[in-house]
Amino acid sequence: MEEFLANLPRCFHNRIVTNKDFRIFAKTFLTMFKLSIQNFLTKNNFQQLNLKAVLFDMDGVLFDSMPAHAKAWLRVMNDYNLPFTETEAYLNEGQPGADTINEVFKRKHGRDSTEEERAEIYSVKVKYFDECGDPKPMPFALELLELLKEQELTLGVVTGSAQPLLLKNIEAYFPGIFKKEHIVSAFDVERGKPFPEPYLKSLEKVNLKPWEAVVIENAPFGVQASSAAQIYTIGVNTGPIDKSYLLDNGADIVFDSVKDLFENWGKFEFT
Ligand code: CA
């Protein structure tokens with residue numbers, strides 16, 4: 001949003017001078033949302049976005065769990081003497097943990113890891129993550145979900161996670177919001193994000209076409225997966241990486257937080 005505001009005409013830089021200025025400001029602001037949808041439709045050769053469902057990524061969108069994931073990754077990689085940085089934890093977010101382990105393993109040892117090695121390292125990572133305590137819901141995630149529910153939209157979850165407590169946590173923090181059959185986890189797909197399969201599977205579960213849904217994602221691999229599935233992709237930049245990573249990997253629009261998205265949802269004029 002800051003870049004957009006910086007590019008506004010001079011009269012908007014310090015203050016909004018008159019009612020007329022305000023009307024121009026509001027119109028320009030609304031246009032940005034419509035323009036992003038129009039670009040998406042043109043890119044995919046679709047006629048219109050007829051919204052019926054909103055598909056949510058989980059870690060870093062519904063739950064403020066990424067700092068704990070990053071911490072667990074750094075700790076386990078350090079245990080196994082595999083070089084890894086916090087930034088990498090965020091850049092690799094969303095893809096299956098086994099793929100992240102294999103990439104780092106190849107870099108260090110010049111060979112693929114075995115399935116046993118991946119499973120062992122991943123199980124330690126899960127243990128370290130669990131030691132970080134219960135996940136915290138993302139601020140304004142529940143408010144956004146309740147707003148969308150009021151608008152009678154179908155709500156789905158699409159996560160690469162294989163956490164055993166996943167369903168329990170979703171129901172505990174967002175009671176009555178998601179139907180179990182509308183949740184796609186690592187167990188439902190063969191090729192996780194950045195491949196489009198998780199989002200294609202989700203469309204199948206809610207029985208809709210790509211132009212009838214939008215995705216809310218926070219990670220570069222996640223927006224890659226969603227845009228490859230030809231779904232309008234809303235990025236929420238809830239972590240420390242630059243938002244250009246989300247735009248460059250396929251997000252159609254990016255907000256600074258879930259709160260920012262919640263406060264601006266009406267401007268999309270989906271309904
Ligand atoms: Ca995520």
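Which residues in α7 are buried? They are Ile121, Lys125 and Phe129. The model discussed here is predicted. The protein is divided into domain 1, made of 44-64 and 136-267, and domain 2, made of 66-131.

**Helix α7**

- Helix α7 covers residues 115-131, which is 17 residues. From its first C-alpha to its last it reaches 24 Å, close to the 24 Å expected at 1.5 Å a residue.
- Seen down the axis of α7, the buried residues fall within an arc of 85°, so they line one face of the helix.
- An α-helix has 3.6 residues a turn, so residues three or four places apart point the same way.
- Glu115, Glu116, Ser123, Lys127 and Glu131 are exposed, and they sit on the face of α7 turned away from its buried side.
- After α7 comes Gly133, which has a positive phi near 95°.

**The two domains**

- The C-alpha centres of domain 1 and domain 2 are 24 Å apart.
- Domain 1 gives 14 residues to the contact, and domain 2 gives 9 residues.

**The sheet**

- The sheet is open and has 6 strands with parallel pairing, in the order β3-β2-β1-β4-β5-β6.
- Strands β3 (183-184) and β6 (253-255) stand at the edges, where each has a single partner strand, so one side of each is left without a neighbour in the sheet.
- Helix α10 (residues 197-206) packs on the sheet and touches β1 (53-56), β2 (154-158), β3 and β4. The direction of α10 makes about 150° with that of β2.
- Strand β1 pairs with β2 in the parallel sense over 4 bridges. Across this pairing, Val54 has Leu155 in β2 as its bridge partner.
- Strand β1 is also joined to β4 by 4 bridges, and these two strands run parallel. Here Phe56 has Ile216 in β4 as its bridge partner.
- Ala53 and Leu55 point one way from β1, while Val54 and Phe56 point the other way. All of these residues are buried.
- Strand β4 (residues 213-217) and strand β5 (residues 232-236) run parallel and are joined by 4 bridges. In this pair, Val215 stands opposite Thr233 in β5.

**Backbone details in the loops**

- What kind of peptide bond joins Lys193 and Pro194? The bond is cis, with omega about 15°. Pro194 lies in the loop between β3 and α10.
- Glu152 is a residue other than glycine with a positive phi, near 60°. Its place is in the loop between α8 (141-150) and β2.
- Why does Glu152 count as exposed? A residue is exposed if 12 or fewer other C-beta atoms lie within 10 Å of its own, and Glu152 has 8 C-beta neighbours inside 10 Å.
- Asn207 is not a glycine, yet its phi is positive, about 60°. Asn207 is placed in the loop between α10 and β4.
- Asn207 has 10 C-beta neighbours inside 10 Å, so this residue counts as exposed.

Key
Residues are numbered from 1 along each chain as its sequence is written. This is a predicted model: local features need pLDDT of at least 70, side-chain atom pairs count only at pLDDT 80 or more; totals for chains, interfaces and linings use all residues. Two strands pair if DSSP finds at least two bridges between them. Two residues are in contact if their C-beta atoms, placed from the backbone, lie within 7 Å. Axes are lines fitted to C-alpha atoms, for helices over the stretch in contact, and angles run from 0 to 180 degrees between N-to-C directions. The expected span of a helix is 1.5 Å times one less than its number of residues. A residue is buried if 20 or more other C-beta atoms lie within 10 Å of its own, exposed if 12 or fewer, and partly exposed in between; C-beta atoms are placed from the backbone. The arc is that of the directions from the helix axis to the C-beta atoms. Domain bounds come from an automatic or database domain assignment.
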